[in-house]
Amino acid sequence: MVHLADSLTFSGRKVVAAWASLPFPASPGSSLPDILSAHQQDLPWKLLLSSRREQKVSCCFAQSVVLRGVGRERPSSSPGRRPRTALQGCESPEEMLQLYLHTHFPGSFSTAHVLQQPCSTSPPFPQFFSPLLTRQGFLQDKALGHSSAGPNRAVQSIPVLAALQASPVLHELLSGLWRDLRARNVRRWSSFFTAGVEQDDFQQALEELKTLAQCYEPGFGGDGSEDEADSD
């Protein structure tokens, strides 16, 4: 995990944010192009870090995205008929996901992986899922959900999308942490300094945190992250 985070950070950045869609919103029998096309406006994942408000990401510097539990087979198409969308013209699920990421984050360094095996949710995994999910974690139509899914029907597996991302979202999160720490009167915490922390070291750490937060501002220092990034 440390090496993966290191590969996604540059220009003074050191941390990445975790995002996930659990379960990934897919209907039984739906194709990956149709699923991704249904989420062209709102990305199908949520930030896993603590935040004072819901975070939406519109750009990023680098990211690694993994999708599990969606079939790897290429959707069938009629011979001689052109694909209706660019996603349907892709040769593989990885290429579809890569194109989807490139559309939302042009110029960003992105890696995409698609694994056929879903995430197992057998006991002791908590059964906190909607009754509209099938045993394989796919979302049924509301009209069918209440009749076919019940509280005693445990979800055995789910499709999952997860991402590690270096993005401007971290600027607000790190800045908020810096403001909270700066507002504390650490001299009142005797145990804090008896543990071996010096006041000067604490102030230096605060400055380093502030500088780190600034590294996540869009266009910080004109670092040319788009030039470093590989849109492939």
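**Exercise 1. What does the accessible surface of the chain come to, and what share of it belongs to carbon and sulfur atoms?**

*Solution.* The model is predicted: local features need pLDDT of at least 70, side-chain atom pairs count only at pLDDT 80 or more, and totals for chains, interfaces and linings use all residues. Residues are numbered from 1 along each chain as its sequence is written, and side-chain values use heavy atoms, with hydrogens and water left out.

Step 1. Areas are computed by the Shrake-Rupley method with a 1.4 Å probe, and for residues only the protein chains shown count as cover.
Step 2. The accessible surface is about 13,900 Å², and 52% of this belongs to carbon and sulfur atoms.
Step 3. Of the 232 residues in the chain, 37% are buried (buried: under 20% relative accessible area; exposed: over 50%; partly exposed: in between; 1.4 Å probe, protein chains only).

**Exercise 2. Describe helix 5 and its packing.**

*Solution.* Step 1. Helix 5 (residues 169-182) has 14 residues and reaches 20 Å from its first C-alpha to its last, close to the 20 Å expected at 1.5 Å a residue (the expected span is 1.5 Å times one less than the number of residues).
Step 1. Its buried residues include V169, L170, L173, L174 and W178.
Step 2. An α-helix has 3.6 residues a turn, so residues three or four places apart point the same way.
Step 3. The buried residues of helix 5 pack against strand 1, strand 2, strand 7 (160-166) and helix 7 (199-214), where contact means heavy atoms within 4.5 Å.

**Exercise 3. Determine how many disulfides the chain has.**

*Solution.* Step 1. A disulfide is a pair of cysteine sulfur atoms within 2.5 Å.
Step 1. The closest cysteine sulfur to that of C59 is in C60, 7.2 Å away, which is too far for a bond.
Step 2. The count by this rule is 0 disulfides.

Key
Helices (H or I, at least four residues) and strands (E, at least two) are DSSP runs, numbered from the N terminus.
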